[in-house]
Amino acid sequence: MPLQNRVDPFGALHAVPERGLFTGNRGIIHDPDTRSLLGRRWTTRAWIVCECDFGERRRDPMGCNGPGGKAGWTELFFLDEVTALAAGHRPCFYCRRERARDFLARFGEACRIAGPRAAQLDARLHGERLASGGTPAPLTRAEADALPEGAMFCDGEACFTRHQGNLFQWSFAGYVPVRPPVTERVFLLTPPASVAALGAGYRPVWHPSATA
């Protein structure tokens, strides 16, 4: 049975077969004995997105990966980096150092913050992402069309983003090209801090289905 650790663009956690291209975490939020989630959905403001393959490290998802055989951080999985950013995660400074530095620098550039620090970014994201209590900003169709590539928005439960001029609908299995949403008003999913970094030139990693 799949574990409940697959993340959708809203930041919610699901038990589905698809794993995706990236892992990441929000701290320890699972019981290793039952491999199930605890009531809390984060224990840190630093929500990160990591490489699935890094050196020789191997982990037992939602098992006992911490010191002394205790629970380590809870392994979450994302379709791609676009999904992780929408959910409110940002690149890890350990396994994705150059990407993390690039993301932080572009966030600082866009928000006019000299020498931005990761803690500043994490604090902004924690107040903006939907899964930690942020409020989705309504967008007109024109505002949605003007979002930088890789920013996600929703029409009800359906999630959308643009890549190379094309509109795609998200799913755990990948992206499907679609026509623009019917409704005139949609809601922003990707936190504004991450939208700013995307607008300043950060280029996220896409699932192959968006370029096929």
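Predicted model: local features only at pLDDT ≥ 70, side-chain atom pairs only at ≥ 80, totals over all residues.

Q: What makes S9 and S14 a pair?
A: Two strands pair if DSSP finds at least two bridges between them. Three bridges join S9 to S14, so the two count as paired. They run antiparallel. Strands themselves are DSSP runs of E with at least two residues, and helices are runs of H or I with at least four, numbered from the N terminus.

Q: How do you know that S10 and S14 pair?
A: Two bridges join strand S10 (residues 153-155) to strand S14 (residues 185-188). At least two are needed, so the pair qualifies. Phe-153 stands opposite Leu-188 in S14.

Q: Why are S9 and S13 called edge strands?
A: Six strands form an open sheet in the order S9-S14-S10-S11-S12-S13, with antiparallel pairing. Strand S9 (138-140) and strand S13 (174-177) each pair on one side only.

Q: What makes the largest pocket a pocket?
A: On a 1 Å grid over the protein atoms alone, a pocket is an open set of points where a 1.4 Å probe fits, with protein on both sides within 12 Å along at least five of seven lines. The largest pocket holds about 480 Å³ of space. That volume is the space filled by probe spheres set on the points, which are joined across faces, edges and corners. Lining residues have an atom within 4 Å of a point. There are 19 of them, and the closest to the centre are Thr-23, Glu-51, Cys-52, Arg-59 and Trp-73. S6 gives the largest share of the lining, three residues.

Q: What makes the largest nonpolar core a core?
A: A nonpolar core is a set of buried (under 20% relative accessible area, 1.4 Å probe, protein chains only) Ala, Val, Leu, Ile, Met, Phe, Trp, Tyr and Cys residues joined through side-chain atoms within 4.5 Å. The largest core has 21 residues. Phe-103, Leu-139 and Phe-153 are among those that touch the most other members. H5 gives the largest share, four residues.

Definitions and conventions. Residues numbered from 1 in each chain as written. Heavy atoms only, no water. Buried < 20%, exposed > 50% of the residue type's maximum accessible area, 1.4 Å probe, protein only.
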